[in-house]
Amino acid sequence: MSKSKCACNRRSWFRRVSEGEVVLGLIIANVAVFMLWKIADVSFMAKNFTISLDNFTSGRLHTLITCAFSHIDAGHVTSNMVGLYVFGKHIGRIFGPEFFLKLYLAGAVGGSVFFLVHKAYLAASSKGGQPMKMDPSKIQGLGASGAVTAIMLLDIFLFPKSTIYLEFIVPVPAILMGIYLIGKDLTMIIRGDQRISGSAHLGGAAVAAIAWARIRKGRF
């Protein structure tokens, strides 16, 4: 099958689905992997649904994306899926389901790459005389936060004067929320918080910034 025919078939498929259906499909996939953690072999899940330097250097390149569908904690998957639903439907309505899906996957890869780069830096620092409690190459990352951050921040970049409800209660301008989120992620990196990866969030933010720049130039 030629590349042009494949592209036509892909466009035809995306014309038949709505942004809501793509969002729902991503939510179902995330929940399915969350449930898989409860019943599947933990070692298999760790090797195939988390991102780490060990996984990456072992050739498990698929984890760059699969980790963005993977959650262990119920609160983690719930917060990410709420953000995906709220902001994903809005971005999907504006740019279409194909753009939205590509943005999710790009945010996933961007978050994974930033996570790996940060852990590689920490690993090099530990060898240079700054020992760490845990080998950075073995620290595992998972979750849709990088992908969701890309979607949420693109929405904020495009509509900075809109209102976002902090904790679903306090109304704040979108641009202030964006500044707060990026600042919080930078603080987590500096503080060395290993439970929440600020570097993965910043990877999603970088993807959002690139997408926003391309949209402004009419290249989306």
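Tryptophan 212 is partly exposed, with a relative accessible area of 30%. Here buried means under 20% relative accessible area, exposed over 50%, and partly exposed in between, using a 1.4 Å probe and protein chains only. This is a predicted model, in which local features need pLDDT of at least 70 and side-chain atom pairs count only at pLDDT 80 or more, while totals for chains, interfaces and linings use all residues. Residues are numbered from 1 along each chain as its sequence is written, and side-chain values use heavy atoms, with hydrogens and water left out.

Now look at aromatic pairs. A pair of aromatic rings is described by the distance of the centres and the angle of the planes. Rings of Phe, Tyr and Trp (its six-membered ring) pair if their centres lie within 6.5 Å; planes under 30 degrees apart count as stacked, over 60 as edge-to-face and the rest as tilted. Searching the whole structure gives three such pairs. In one of them, the ring centres of phenylalanine 157 and tryptophan 212 are 5.8 Å apart and the planes meet at 50 degrees, so this pair is tilted. Phenylalanine 157 belongs to helix α8 (residues 145-158) and tryptophan 212 to helix α10 (residues 198-216), so the pair ties together parts 55 residues apart in sequence. Helices are DSSP runs (H or I, at least four residues), numbered from the N terminus. Phenylalanine 157 is partly exposed, at 22% relative accessible area.

Another pair joins phenylalanine 95 and phenylalanine 99. It is tilted too, with 4.8 Å centre to centre and 40 degrees between the planes. Both phenylalanine 95 and phenylalanine 99 are buried.

Helix α6 (residues 74-95) and helix α7 (residues 97-127) pack at about 135 degrees, their axes 7 Å apart. That makes α6 oblique to α7. Axes are lines fitted to C-alpha atoms over the stretch in contact, and angles run from 0 to 180 degrees between N-to-C directions. Oblique is what remains after under 35 degrees (roughly parallel), over 145 (roughly antiparallel) and 65 to 115 (roughly perpendicular). From α6, Leu84, Gly88, Ile91, Gly92 and Phe95 meet Pro97, Phe99, Phe100, Leu103 and Tyr104 of α7. Contact means heavy atoms within 4.5 Å.

Last, tryptophan 37 sits in helix α2 (residues 19-39). Its relative accessibility is 11%, so tryptophan 37 counts as buried. Beyond its neighbours within four places in sequence, tryptophan 37 has contacts including Val42, Phe49, His71 and Leu142.

Technical notes. Helix = DSSP H or I, 4+ residues; strand = E, 2+ residues; numbered from the N terminus.
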